Amino acid sequence: MAKINVLNKEVTVYSKNEEDYICLTDMAKYKNPERTDYIIQNWLRNRTTIEFLGIWEHLNNPDFNHIEFDGFRKQAGLNSFVLTAKQWIEKTGAIGLVSKPGRYGGTYAHKDIAFEFASWISVEFKLYLIKEFQRLKDEEHKQLGWDIRRNLTKINYRIHTDAIKVNLIPAELSKTQVNLVYATEADVLNMALFGMTAKQWRDANPDMKGNIRDYADVSQLVCLSNLENLNAHFINDGLPQAERLEKLNKIAIHQMELLTEDTKIKRIEGST
């Protein structure tokens, strides 16, 4: 669940099957906070609304019940016609509307339908809704980009640490000594790629939170992931640390030259 603020009204957004649904009940409060169900029902009994919902379901829902839909379409617009979201969903098997109980209960609609409902409420409200919804999606996209960046550093982490454990850590070492070995090997990679240890970076940047890898760009994180894998192989082959550092540094220089020119990497950079 996420919240956006549209003209001082809090509107809930949630994802279902990788599609975004927006709360019509929250949106209806802009028109009348005391009669949201009535407002949604009034919108649903409109012939134009029924036509729109039917076409949307036809395009997106192979299990849509067209026979029940035809019945609603014939009645739409009549003074005696009444329709709730729950009735529409149950009778037609619609997926564009969702009736949710519980804490975040209410009537939700796929964003395509929600924007149509917003137009019926107010053109101004619709424009602000689209703006705030897009802002939410941009923030989610940035977070996804950050997750991609962070996950790149974890791809070969297990391989790297296992190689250290098997080849460099005698069984009798204390936990503190073991951690020191891991930290030392992490700094082999830091030196190869960034030219400094974690401590040197912290000393040079006392006001910055996190560590040197938190501020790496996508190209550096891709390279770091590759270096972890290569260092694990070098450890398994019994190469001394100084020799591994020299090899890794040369590899890092070569890979960074390639990665900084890679168009796919640049696209990822642009989304973070």
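Colleague: In which loop is L7 found?
Modeller: This is a predicted model. L7 has a positive phi of about 50° although it is not a glycine. As for its place, L7 lies in the loop between strand 1 (2-6) and strand 2 (9-16).

Colleague: Is L7 buried, partly exposed or exposed?
Modeller: Buried means under 20% relative accessible area and exposed means over 50%. The relative accessible area of L7 is 25%, so L7 is partly exposed.

Colleague: Which value is phi of N8 near?
Modeller: N8 is in the loop between strand 1 and strand 2. Its relative accessibility is 70%, so N8 counts as exposed. Most residues other than glycine have a negative phi. N8 is a residue other than glycine with a positive phi, near 70°.

Colleague: Are helix 3 and helix 4 roughly parallel or roughly antiparallel?
Modeller: Helix 3 (residues 47-60) and helix 4 (residues 66-75) have axes 9 Å apart and pack at an angle of about 165°. Angles over 145 degrees count as roughly antiparallel. Helix 3 is therefore, relative to helix 4, roughly antiparallel.

Colleague: How many charged residues has the contact of helix 3 with helix 4?
Modeller: Helix 3 passes helix 4 in a left-handed crossing. On the helix 3 side the contact is made by R47, I50, E51, G54 and H58, and on the helix 4 side by H66, F69, F72, R73 and K74. By class, this contact has three nonpolar residues, three polar and, for the charged class, four.

Colleague: What is the handedness of the crossing where helix 3 passes helix 6?
Modeller: The axes of helix 3 and helix 6 (residues 111-121) come within 11 Å and cross at roughly 165°. That angle makes helix 3 roughly antiparallel to helix 6. The crossing of helix 3 past helix 6 is right-handed.

Colleague: How many nonpolar residues are in the contact of helix 3 with helix 6?
Modeller: F52, L53 and W56 of helix 3 meet D112, I113 and E116 of helix 6. By class, the contact has no polar residues, two charged and, for the nonpolar class, four.

Colleague: What share of the residues of the protein chain counts as buried?
Modeller: The protein chain has 13 helices and five strands. Its accessible surface comes to about 15,900 Å², and 51% of that belongs to carbon and sulfur atoms. Of its 272 residues, the share that counts as buried is 40%.

Conventions. Residues are numbered from 1 along each chain as its sequence is written. This is a predicted model: local features need pLDDT of at least 70, side-chain atom pairs count only at pLDDT 80 or more; totals for chains, interfaces and linings use all residues. Side-chain values use heavy atoms; hydrogens and water are left out. Axes are lines fitted to C-alpha atoms, for helices over the stretch in contact, and angles run from 0 to 180 degrees between N-to-C directions. Helices (H or I, at least four residues) and strands (E, at least two) are DSSP runs, numbered from the N terminus. Angles under 35 degrees count as roughly parallel, over 145 as roughly antiparallel, 65 to 115 as roughly perpendicular and the rest as oblique. A crossing is left-handed if the near helix is turned anticlockwise from the far one by less than a right angle, and right-handed if clockwise. Contact means heavy atoms within 4.5 Å. Ala, Val, Leu, Ile, Met, Phe, Trp, Tyr, Cys and Pro count as nonpolar, Asp, Glu, Lys and Arg as charged, and the others, Gly among them, as polar. Buried means under 20% relative accessible area, exposed over 50%, partly exposed in between (1.4 Å probe, protein chains only). Accessible areas come from the Shrake-Rupley method with a 1.4 Å probe; for residues, only the protein chains shown count as cover.
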